[in-house]
Amino acid sequence: MPTEPRDAQARRDIGPVICYPDDTLPAPDLVGYIAARGSAHKIDEAIAAPREAATFRVPAGYFFRISSVDGPQVGDLNLWNADDLSERFYSGKTRALHGTHVTTGNRLWSSFPALRPMATIIEDTLSWYGIDAFGGSVHDVIGTRCDPYTHRLLAGGDYHHCCHSNLTRALADELSISRVEAEAHVHDVMNVFMCTGFTRDTGQYFMKASPVRPGDYIEFFAEIPLLGALSACPGGDCSSTHSSGAAACHPLLIEVFAPADPPAGWEVPAVNAYDRSHGA
Ligand SMILES: [Zn+2]
């Protein structure tokens, strides 16, 4: 251990600065979105079976809802631009812009060079949860996804129904491509309904029983045409374990809604305006 400098405490006592103040971030017109949602009717649905994933498509300007049915269950969500899979959900930048967990009014941002809103959260029945005494909250963008590689590293053996594999199989089936090709498109997720945080003493990623109950849902507005994949995590409510067949698991319902008219004044967001020259 290196020796502390004499002014160690003074250095620690310096206050934090928000990396990305969001007061210049264009705000979504939630009132307009919710008005358009009022006129919408259901056009499609899919079920992510326990320890499996389902894909779904949402045209730009439409809505989709993810609901808990039957029992508490966490879902791992991937999103792509349906017309260009190289534009996909960017968990890290979404976290930098909105914080570790997302809720109503937050947006899911896409990868470089587009960096634009892919989806906007318009309703979240778990928004009451807030941040608990452990620093835990719901719907994180800090986890990655359970996967067979980390499982092998830490526990040995192969488990084939981690969210990473579920998403890979579902995308391969959706696009009629090989699992090897599909795997390259699978990315860090939004953990729908999952309750997580970082321990205060060691800074480790933790999970705890999700507060989600049947009937709870989170609803999104699709800013661009979306291809989505949702895995019903083998961890179930993530109260004890994942990456195994041990936890009680339940399905998740995905529903897609078409509005009579798109929200007033809304347009598909333009891709980021940076010229990509990266200087001289
Ligand atoms: Zn998982």
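How many helices and how many strands are there in the chain? There are 6 helices and 13 strands, where helices (H or I, at least four residues) and strands (E, at least two) are DSSP runs numbered from the N terminus. The radius of gyration, taken over C-alpha atoms, is 20 Å, close to the 19 Å that the globule rule gives for 280 residues, so the chain is as compact as a globular protein of that length; the rule itself is 2.2 Å times the number of residues to the power 0.38. The structure is a predicted model, in which local features need pLDDT of at least 70 and side-chain atom pairs count only at pLDDT 80 or more, while totals for chains, interfaces and linings use all residues. Residues are numbered from 1 along each chain as its sequence is written.

Along its principal axes, the C-alpha trace of the chain spans about 65 × 50 × 45 Å. Buried residues make up 41% of the 280 residues, a residue being buried if 20 or more other C-beta atoms, placed from the backbone, lie within 10 Å of its own, exposed if 12 or fewer do, and partly exposed in between. Two residues are in contact if their C-beta atoms, placed from the backbone, lie within 7 Å, and among contacts between residues at least 6 apart in sequence, 73% join residues at least 24 apart.

An open sheet is formed by 6 strands in the order β1-β13-β3-β11-β7-β6, with antiparallel pairing; two strands pair if DSSP finds at least two bridges between them. Strands β1 (41-48) and β6 (107-109) stand at the edges, each with a single partner strand, so one side of each is left without a neighbour in the sheet. Neighbouring strands of this sheet are turned by 25° against each other on average, direction ignored. Within the sheet, β7 (residues 117-124) and β11 (residues 217-222) pair in the antiparallel sense over 5 bridges, and the bridge partner of Asp124 in β11 is Ile218. Helix α2 (residues 30-38) packs on the sheet, touching β3 (63-68), β7 and β11, and its direction makes about 75° with that of β7, where axes are lines fitted to C-alpha atoms, for helices over the stretch in contact, and angles run from 0 to 180 degrees between N-to-C directions.

Leaving aside its neighbours within four places in sequence, Ala222 is in contact with residues including Val58, Tyr62, Phe64 and Ala119.

In helix α3 (residues 91-98), the buried residues are Ser91, Thr94 and His98. They cover an arc of only 60° around the axis, which puts them on the same side of α3, the arc being that of the directions from the helix axis to the C-beta atoms. These buried residues pack against β6 and β9, and just after the helix Gly99 takes a positive phi of about 115°.

Several loop residues have backbone angles that can be described individually. The peptide bond from Phe112 to Pro113 is cis, with omega near 0°, and Pro113 lies in the loop between β6 and β7. Ser176, in the loop between α5 (163-175) and α6 (179-183), has a positive phi near 50° and counts as exposed, with 7 C-beta neighbours inside 10 Å. Cys238, in the loop between β12 (226-232) and β13 (252-258), has a positive phi near 60° but counts as buried, with 25 C-beta neighbours inside 10 Å.
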